[in-house]
Amino acid sequence: MKIILPGGSGQLGLVLARHFLRANHQVVILSRQTAPRKVLNMGEEVSPFSDSRVRMVAWDGKRVEAQWRDEIEGSDVVINLAGRSVNCRYHQKNRRLIMESRVDSARAVGQAITQCQSPPSVWLQSSTATIYSHRYDAANDEASGVIGGEEPDLEDTWKFSIDVAKAWEAAATEFNLPTTRQVLMRTAMVMSPDANGVFDVLTGLVKKFLGGRNGDGRQFVSWIHENDFVAAIDRLITDKTLEGPVNVASPNPLPNSDFMKGLRDANGVSFGLPASRWMLEIGARLMKTETELLLKSRRVVPGKLSAAGFEFQFPRWAEACKDLARKLATAKG
Ligand SMILES: NC(=O)c1ccc[n+]([C@@H]2O[C@H](COP(=O)([O-])OP(=O)(O)OC[C@H]3O[C@@H](n4cnc5c(N)ncnc54)[C@H](OP(=O)(O)O)[C@@H]3O)[C@@H](O)[C@H]2O)c1
């Protein structure tokens, strides 16, 4: 298959390109950079970004141009991953970039697909599990889940993320696509053993005895192991019954205190200093990020994937975490 990855130069692009190359697919990454940027540590494997079967094609993530539309023409699958990283302070300029990079790139991809004589059969569009409400009491699946934004205790940065997700999905669904099936991937945190990825960063904190619960530790963490992420993407590509919003998350989200304990256990660390809200706020300012990523409760389950019979290799955090910790240790030598 010929698979186009707009915004595929980042973390998920790496995970997917690696997977698609193993399966002998042809991968084209649309990037704003002319030369491939130095990317994550690949362990013993060759980086997909230096593999001749991966081509980098320029785009600006805003306007349709012939050079990248012609790549989509006649391709099989488009997986749009573009968006300014949310790992930053949500001040006005970053808010604008976070919002516009998602809305504009989704629109550009949609416009390009509508201009194709031979459009791809599937468009997988990134969205996020953050779209659901900040809740503890019940899990959100696609049918009965509550879209967030109206909760009384919602902090401003949390509401912003939900607003972005809604605008992102709205932009991607503006198009009439008679022959292209569209999926909005409401993805949870993807855990892979790549250097500088979220699992690596959390493991570093745990090893410094800073891996205690965050806040009161009751907030749910939704996550997915990279093996299940790529298998879910394969399923979304081939299963014609799956369309619209699809939660791409393990079936067992868990409270933050248990999530952090899993990380400590997998790394053989018996103690982790709990971090209260004010400590996290100071840490987030120093690390130029937001506490939202740690404190908002994301209790999201894969309703549609499970109903379609998708089976997770790593449905539970304890096993997923052990596997990732072992792989990360091997990659780091
Ligand atoms: N990683 C996760 O666990 C996770 C979970 C849920 C949702 N998501 C969403 O899935 C998508 C991919 O995630 P990721 O972790 O791979 O993100 P990432 O590492 O930040 O990569 C995203 C890519 O988007 C492009 N980009 C950045 N700023 C842009 C802008 N202003 N305009 C257009 N493109 C821009 C960049 O490519 P170039 O610089 O090469 O153009 C970058 O490589 C993101 O939209 C993210 O919000 C990720």
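First, the naming: helices (H or I, at least four residues) and strands (E, at least two) are DSSP runs, numbered from the N terminus. What you see is a predicted model, in which local features need pLDDT of at least 70 and side-chain atom pairs count only at pLDDT 80 or more, while totals for chains, interfaces and linings use all residues. Residues are numbered from 1 along each chain as its sequence is written.

Let me begin with the sheet. The sheet is open and has 7 strands, in the order β3-β2-β1-β4-β5-β6-β10, with parallel pairing. Two strands pair if DSSP finds at least two bridges between them. Which strands stand at the edges? They are β3 (54–58) and β10 (244–248); each has a single partner strand, so one side of each is left without a neighbour in the sheet. From one strand to the next the twist averages 25 degrees. Angles here run from 0 to 180 degrees between N-to-C directions, and axes are lines fitted to C-alpha atoms, for helices over the stretch in contact.

Helix α3 packs on this sheet and touches β1 (2–6), β4 (77–80) and β5, with its direction at about 165 degrees to that of β4. Contact between two residues means that their C-beta atoms, placed from the backbone, lie within 7 Å.

Now the pairs one by one. Strand β2, residues 26–31, runs parallel to β3 and is joined to it by 5 bridges. Within that pair, I29 has M56 of β3 as its bridge partner. Further along, β4 and β5 pair in the parallel sense over 4 bridges, and V78 stands opposite W123 in β5. Strand β6, residues 181–187, pairs with β10, also in the parallel sense, over 5 bridges. There, T187 has V248 of β10 as its bridge partner.

Next, burial. A residue is buried if 20 or more other C-beta atoms lie within 10 Å of its own, exposed if 12 or fewer, and partly exposed in between, with C-beta atoms placed from the backbone. How many residues of β5 are buried? The count is 7 of the 7, so β5 is largely enclosed by the rest of the structure. In a regular strand the side chains alternate between the two faces of the sheet. In β5, V122, L124, S126 and T128 point one way, W123, Q125 and S127 point the other way, and all are buried.

The largest nonpolar core has 80 residues, and L5 and L16 have the most contacts inside it. Such a core is a set of buried Ala, Val, Leu, Ile, Met, Phe, Trp, Tyr and Cys residues joined through C-beta atoms within 7 Å. Leaving aside neighbours within four places in sequence, the contacts of L5 include L16, A17, V27, I29 and I79.

I98 sits in helix α3 and is buried, with 20 other C-beta atoms within 10 Å. Not counting residues up to four places away in sequence, I98 touches R84, V86 and V164. F199 is in helix α5, residues 198–207, and counts as buried with 26 C-beta neighbours inside 10 Å. F199 and L324 are 125 residues apart in sequence, yet 7.9 Å apart in space, C-alpha to C-alpha. With the same exclusion of residues up to four places away, F199 touches M191, S192, P193, L324 and L328.

On to the ligand. Around it are 24 residues, the closest being G10, S31, G61, G83 and S101; near means that the C-beta atom, placed from the backbone, lies within 6 Å. Which elements give two or more residues to this shell? They are α1 (11–22), α3 (92–115), β5 (122–128) and β7 (189–191). By class, the shell has 7 nonpolar, 15 polar and 2 charged residues. Here Ala, Val, Leu, Ile, Met, Phe, Trp, Tyr, Cys and Pro count as nonpolar, Asp, Glu, Lys and Arg as charged, and the others, Gly among them, as polar.

Last, the backbone angles. N24 lies in the loop between α1 and β2, and its phi is near 65 degrees, a positive value in a residue other than glycine. N24 is exposed, with 8 other C-beta atoms within 10 Å. K288, in the loop between α8 (277–286) and α9 (292–295), has a positive phi of about 50 degrees although it is not a glycine. K288 is exposed, with 10 other C-beta atoms within 10 Å.
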